[in-house]
Each structure stands twice: as C-alpha cells, then as structure tokens.
Amino acid sequence: MQSFKIENFVRENPGLSPPRFQPLSDSEASALAERLLTRAGRPKGTPSEVIRWLSEQATPLGGLNLNENEVALHELFRRAGIKPGPVVYVEWGPLRDVDRFETDELCRYFYDVWYPSADDVEIFDDTTAWLIFVRHYGGVEVWQAPLISGHIRDGSKAGV
C-alpha cells in the first residue's frame, strides 16, 4: 500500500491507526505467484499478460459499480460465493507488488486501501482458488480456479 494512502488516512482520521498490512518480500510474492500460476493451469506470458488472461476468464459481478455505490468487501465475497481465509492478499502490480492483510482488517478499511479511479487490484487468499478483480472504474470480476485432480476450489476433496 502506498505511503501517501497511510498519510491521507492519518490526516483524515486523527487518533485512529491506519490499516495494518505486511508487504511481501520479492521471494514471498514470487512463491505466491507461482502457486497462483500452477492453480490457473500455467498460463503463458508476462505477469501483465497472465493477469489480463485471468481477468478475461473471470465473471463480472453484474450490476455492481463500486464508484457509484460503496459495497462492503464482505458483501462482495458473499455475492461471489467466496469464503476467504483469515488472511487475504492485495496485489497492486501484476504478480509482484503484494500486501498481506488480515481479512477483517481489509474489509474494515477497504475504501481507504483501494482508491477508485486510480487502482486496479486483485484480492485473493492462501488457497489461490479465486481472485477478485476490483477495477479503477468500479467494476468487479471474479475468477475461480477449475477443479484440480478431484479437489474442489478450496482445496478439500470433492464429494467429501
């Protein structure tokens, strides 16, 4: 998360602590990207091309524009049929610039983290079974991994 967003938060919310997050190191971001690529079936291309390919495979959450209506992140998860783990990641740059947030923390401060008309971000958790694309124009798309070797998207065994 860019430092100016933290500065803006502190200025606009005197006495409150800004959202807590942990930037991933290059090696942590690379390892997470590798897991995501494996889960996605190893699409080819540059990181930007891979993210664009995943976005093209994603399903828009119809009738939703976050520039027009502030919808809570918990509600986005619910509408997408996603139950995130306790930790989620926000990706700022294709497969390289990633911050780790506690899910509840990101939900509480989402509109202090994502700046409409400026940020295209991807949100996902440790399962790498889904991505929520939040676009600068307010659109939201959801990519979900296909079934892999009899396992459902959350990593549990199908039919169990």
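Predicted model: local features only at pLDDT ≥ 70, side-chain atom pairs only at ≥ 80, totals over all residues.
View 1. Residues are numbered from 1 along each chain as its sequence is written, and side-chain values use heavy atoms, with hydrogens and water left out. The C-alpha trace spans about 50 × 35 × 30 Å along its principal axes.

**View 2. Surface and interior.** About 8600 Å² of the protein is accessible surface, and 51% of that belongs to carbon and sulfur atoms. These areas come from the Shrake-Rupley method with a 1.4 Å probe, and for residues only the protein chains shown count as cover. Of the 160 residues, 42% are buried; buried means under 20% relative accessible area, exposed over 50%, and partly exposed in between (1.4 Å probe, protein chains only). Among contacts with a separation of 6 or more, 59% are between residues 24 or more positions apart, a contact being heavy atoms within 4.5 Å.

**View 3. The largest nonpolar core and W130.** In soluble globular proteins, nonpolar side chains tend to be buried together. Here the largest nonpolar core has 46 residues, and L54, L66, L106, I123, W130, I132 and W143 touch the most other members. Such a core is a set of buried Ala, Val, Leu, Ile, Met, Phe, Trp, Tyr and Cys residues joined through side-chain atoms within 4.5 Å. Setting aside residues up to four places away in sequence, W130 touches F77, I82, P84, V88, I123, F124, D125, W143 and Q144.

**View 4. The buried face of helix α3.** Within α3 (residues 47-57), the buried residues are V50, I51, L54 and S55. Seen down the helix axis, they fall within an arc of 140 degrees, so they line one face of α3; the arc is that of the directions from the helix axis to the C-beta atoms. Their packing partners are α2 (26-39), β3 (87-93), β5 (121-125), β6 (130-134) and β7 (140-144).

**View 5. Helix α5 and the buried E105.** T103, E105, L106, C107, Y109, F110 and V113 are buried in α5. The elements covering them include α1 (3-12), α4 (73-80), β3, β4 (97-102), β5 and β6. Look for E105 in this helix, which runs over residues 103-113; E105 counts as buried because its relative accessibility is 4%. Its side chain reaches the backbone nitrogen of R20 at 2.8 Å. Apart from neighbours within four places in sequence, E105 is in contact with P18, P19 and R20.

**View 6. N8 and Y115 joined by their side chains.** N8 lies in helix α1 and is buried, with a relative accessible area of 16%. A polar contact of 3.0 Å joins its side chain to that of Y115. By polar contact we mean a pair of N or O atoms within 3.5 Å; within protein, one must be able to donate a hydrogen and the other to accept it, and residues adjacent in sequence count only if both atoms are side-chain atoms.

**View 7. Two loop residues with positive phi.** Most residues other than glycine have a negative phi. S117, in the loop between α5 and β5, has a positive phi of about 70 degrees although it is not a glycine. T128, in the loop between β5 and β6, has a positive phi of about 50 degrees and is not a glycine either. S117 is exposed at 62% relative accessible area, whereas T128 is buried at 3%.

**View 8. L61 and G62 in the loop between β2 and α4.** L61 sits in this loop and counts as buried at 15% relative accessibility. G62 is found in the loop between β2 (59-60) and α4 and counts as exposed at 65%. Leaving aside neighbours within four places in sequence, L61 is in contact with L76, R79, A80, V140, E141 and V142.

Key. Helix = DSSP H or I, 4+ residues; strand = E, 2+ residues; numbered from the N terminus.
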